[in-house]
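Me: I have just opened this structure and would like to go through it with you. Could you take my questions one at a time?

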Amino acid sequence: MLAMISRFNEKEESLVRSGLAAEITLDDQQQGLVNQKIERLNELLDQENLLLMEVIAHQLKGIFEQMNAEELKNLVFKMELEITKNRVEKEAEYLKRINEIWQLMKT
């Protein structure tokens with residue numbers, strides 16, 4: 001787990017140093033909104049409501065873009081692709097990874 005955190009932090013820091021990404025900014029409102037969207041995506045996944053999942057995922061991707069959280073934005077994009085292909089197992093994997101990384105970022 002620590003290795004994953006370290007790799008994530010190193011990647012983000014190297015992107016910031018190289019000028020490819022800005023620092024990730026987290027304010028309380030965005031954190032609450034992201035938590036809400038991830039929770040809703042989990043509920044919709046359980047219901048296999050792909051139409052609403054696609055809408056919420058797109059919104060979440062926009063939030064991560066505003067936060068300069070490139071890795072999370074890219075994972076949500078990949079999840080969106082799996083939603084359009086109706087691959088529930090892959091969607092669940094991406095959602096789990098998104099949530100894990102998000103939880104690490106908040107600490």
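Me: Is Lys73 buried or exposed?
Reply: Lys73 is buried, because its relative accessible area is 16%. Buried means under 20% relative accessible area, exposed means over 50%, and partly exposed lies in between, with a 1.4 Å probe and protein chains only. This is a predicted model, in which local features need pLDDT of at least 70 and side-chain atom pairs count only at pLDDT 80 or more, while totals for chains, interfaces and linings use all residues. Residues are numbered from 1 along each chain as its sequence is written, and side-chain values use heavy atoms, with hydrogens and water left out.

Me: Where is Lys73 found, and what does Lys73 touch?
Reply: Lys73 is found in helix H4. Not counting residues up to four places away in sequence, Lys73 touches Lys61, Phe64 and Glu65. Contact means heavy atoms within 4.5 Å.

Me: How many helices and strands does the protein have?
Reply: The protein has five helices and zero strands, and the pattern along the sequence is α-α-α-α-α. Helices (H or I, at least four residues) and strands (E, at least two) are DSSP runs, numbered from the N terminus.

Me: How do H3 and H4 pack?
Reply: Their axes are 9 Å apart, and the angle is about 165°. H3 is therefore roughly antiparallel to H4. Axes are lines fitted to C-alpha atoms, for helices over the stretch in contact, and angles run from 0 to 180 degrees between N-to-C directions. Angles under 35 degrees count as roughly parallel, over 145 as roughly antiparallel, 65 to 115 as roughly perpendicular and the rest as oblique.

Me: Which residues meet there?
Reply: From H3, the residues include Leu50, Ala57, Lys61, Phe64 and Glu65, and from H4 they include Leu72, Lys73, Val76 and Met79. The residues of the contact of H3 with H4 divide into ten nonpolar, two polar and five charged. Here Ala, Val, Leu, Ile, Met, Phe, Trp, Tyr, Cys and Pro count as nonpolar, Asp, Glu, Lys and Arg as charged, and the others, Gly among them, as polar.

Me: What about H4 and H5, at what angle do they pack?
Reply: Helix H4 (residues 70-84) and helix H5 (residues 88-106) pack at an angle of about 165°, with their axes 9 Å apart. H4 is therefore roughly antiparallel to H5. Among the residues that meet are Leu72, Leu75 and Met79 in H4, and Tyr94, Leu95, Ile98 and Trp102 in H5. The residues of this contact divide into eleven nonpolar, no polar and six charged.

Me: And H2 with H5, how far apart are the axes?
Reply: The axes of H2 and H5 are 11 Å apart, at an angle of about 155°. H2 is therefore roughly antiparallel to H5. The contact includes Val34, Ile38 and Leu41 of H2 and Leu95, Ile98 and Trp102 of H5. The residues of the contact of H2 with H5 divide into nine nonpolar, five polar and two charged.

Me: Which residues of the largest nonpolar core touch the most other members?
Reply: Of its 25 residues, Val34, Leu41, Phe64, Leu72, Met79, Ile98 and Trp102 touch the most other members. The elements that give two or more residues to this core are helix H2 (28-47), helix H3 (50-66), H4 and H5. H3 gives the most, with seven residues. A nonpolar core is a set of buried Ala, Val, Leu, Ile, Met, Phe, Trp, Tyr and Cys residues joined through side-chain atoms within 4.5 Å.

Me: What is Met79 in contact with?
Reply: Leaving aside its neighbours within four places in sequence, Met79 is in contact with Leu41, Ala57, Glu91, Tyr94, Leu95 and Ile98.

Me: Changing topic to the loops, where does Asn86 lie?
Reply: Asn86 lies in the loop between H4 and H5. Asn86 has a positive phi of about 60° although it is not a glycine. Most residues other than glycine have a negative phi. Leaving aside its neighbours within four places in sequence, Asn86 is in contact with Leu50 and Glu91.

Me: And where does Glu48 lie?
Reply: Glu48 lies in the loop between H2 and H3. Its phi is also positive, near 55°. Glu48 counts as exposed, because its relative accessibility is 52%. The C-alpha atoms of Asn86 and Glu48 are separated by 9.2 Å, and the two residues are 38 residues apart along the chain.
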